[in-house]
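Colleague: I would like to learn how to read a few features of a structure, with the general idea first and the case at hand after it.

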Amino acid sequence: MPSIHRPVENSVMTPLVEIRHLSKFFPVTGGLMHRKTGEVKAVNEVSFDIFRGESLGVVGESGCGKSTLARLILSLIPPTSGTITFDGQNINGIGKKQLRHLRRKMQMVFQDPHSSLDPRNSIYRSLEEVFKIQKVPLPQEKINDKISELLGMVGLKPEHCRSYPHQLSGGQKQRAVIARALALTPEFIILDEPTAALDVSVQAQIILLLQELGDQFNMTYLFISHDLALVDYFCQRIIVMYLGKIVEITPANLSQKQPRHPYTKVLMESVFIADPLAKTQAPQIKGEVPSLFNIPEGCAFENRCVYSKDICRKKSPELLEAQPGEFVACHFPLTYEGKHSL
Amino acid sequence: MTLLKVENLNVSFKTRDGVVEPLSNISFEIDAGEILGLVGETGSGKSVTAQAIMGLLPFLDGRVSAGRIFFNDQDLLAISEKEYQQLRGNQISLISQNPMTSLDPVYKVGDQIVEGLKLHMTITKADARKRAVDVMTSLGIPNADKVFNQYPHQLSGGLKQRIVIAMGLCADPRLLIADEPTTALDVTVQAQIIELFKQTTRERNIGLIMITHDLGIISHLCDRVVVMYAGNVVEAGRVESVFAEPKHPYTEALLKCIPKLGMADRSLHAIPGNVPSVRTYPHGCRYHPRCPKAKAYCMENTPEIIHVKNTQVKCHQFTAQWRTAS
């Protein structure tokens, strides 16, 4: 394995971000008076830790709440309930000024680099803006030096700072966005589908760059993606979400005999491996994703699960530790040789 | 039996800054009952190839500047627009990327399937409806009778894509072209739809051209693969031989830059540089600026398609001239 895979066991396992019972419900209004007619439980009672220096993956299909989760952690939207602690500090309801200060330490890279850069600003201005907004007390020359350094770090040339977004390719734009995220030397970066808009050959460039930077600065990443193979490659731990809830937390480097939740297994089987010799079996799943307005009682995955039993319709399973470091929310978790059921 | 044959196809587009050529020297063929994959990155010319076959290149601006397309031995470039209309949807169907934009939001989905049927054959309303429901049922749409009367917004993404496939299939075409049909779908739904394509083409013994950027889908679904790069075919052959032993450096690199879940080899290798745009195609071999094996010879000479073992490859490295060149 290349050296860029930071071994989990060597890092000191102290949490940087602690998330407890975090929920976000969006009201749904209807009718003439826009009365509240229901709610969408985008994130529902989610608890986990993000350890210092690790890359934690969040994987799930559209509507599972992964992007809402990212916005909650960065305090871009207020939670309905629950707490988020960043570096020992509770960040719920802190003042605007404190929040701005906190944002130096946490950054985000979005899916579409084209819409995250202002088309009227040169790359230089987009990067300079960060220092101005944060009122970093640096003389202009130092800022210029810093910008050149940042561009170099992400593999762009110094002359790219004069370019406008439309003059750059998708990969170059995403490099510029990463440079901007790194500008204030944050400790924590949320990557929300950072390569979904890029070609596969460029995707690999960006992934390798992020790994290299992660090693260099001992960065903590939260990597959000719908691509299980990519998350499995990039991260040390993986959170699997389904309809606003965590169904499994598992160490990465998944093998066929690892998933404990039937949904994780289905996700794994749905990935087409680019090797005609790879064993493929059709994923065992039925039905369709239920509407977020109307999440069934009991286990949310029940209607699509091939192992479902009576209790699954009645009682929602809790996220329990199956093995040290492995959590699963299922009444009948899958077992393999050498692994114990709950 | 050869269903479709594309020979040395060149397509050019008139733009404000002069003429560009997004496709040059594209050749491939597909038999009935065969699944052919067209794989490539953005701007490689996959979708333009589909448009050219369908006779749907932008009017005035785009045209086939050289080459020929044969469908069942009929020269598609020699027929009139009216004859083409009889062919499209009837003999050759196109399924496009986004099911949401292929369906009209104000019509019931069933009526949209029937519309195509009535255009191509004399059929009573009741028969058309029955046929549409039959096709929908065969594509695994539950309660097809009920879904027939629903509007697109009432259906999930996977169901909508099944409706679009039903539209493509109901006139019983001989060739189906699917342009990134699962990109807008979730992975579990994608797996179901790909399975559906496999089944349907086998059952009906029709040809399927699957256009995608996803090598996983190609490996799972296709019999043969055509790898495209910057408007050229760089490699073509049976899926097993191309994946096991890629000949073109681009194919080789492309296979190494996607993570493979659950496989022993977990390393990832990027291809340096960027995909060239149609205005900036390099001279000689179009891949040479990104190729680790490139010599000065590759910059100066355009490679020909040659046969190496079972595959066709457009690369100098298998020629004697290249070996002796500096």
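Colleague: How many residues of helix α9 (residues 262-270) of chain A are buried?

Modeller: This is a predicted model, in which local features need pLDDT of at least 70 and side-chain atom pairs count only at pLDDT 80 or more, whereas totals for chains, interfaces and linings use all residues. Residues are numbered from 1 along each chain as its sequence is written, chains are lettered from A and ligands numbered from 1 in the order in which they are written, and side-chain values use heavy atoms, leaving out hydrogens and water. Buried means under 20% relative accessible area, exposed over 50% and partly exposed in between, with a 1.4 Å probe and protein chains only. Helices (H or I, at least four residues) and strands (E, at least two) are DSSP runs, numbered from the N terminus. In α9(A), nine of its nine residues are buried, including Tyr263(A), Lys265(A) and Glu269(A). Their cover includes β3 (55-59) of chain A and α8 (187-204) of chain B.

Colleague: At what angle do α4 (residues 109-120) and α5 (residues 125-138) of chain B pack?

Modeller: Two packed helices are described by the angle between their axes and the distance between the axes. Axes are lines fitted to C-alpha atoms, for helices over the stretch in contact (heavy atoms within 4.5 Å), and angles run from 0 to 180 degrees between N-to-C directions. Here the angle is about 120 degrees, with the axes of α4(B) and α5(B) 9 Å apart. Angles under 35 degrees count as roughly parallel, over 145 as roughly antiparallel, 65 to 115 as roughly perpendicular and the rest as oblique, and α4(B) and α5(B) are therefore oblique to each other. Among the residues making the contact are Ile113(B) and Leu117(B) of α4(B), and Ala128(B) and Met136(B) of α5(B).
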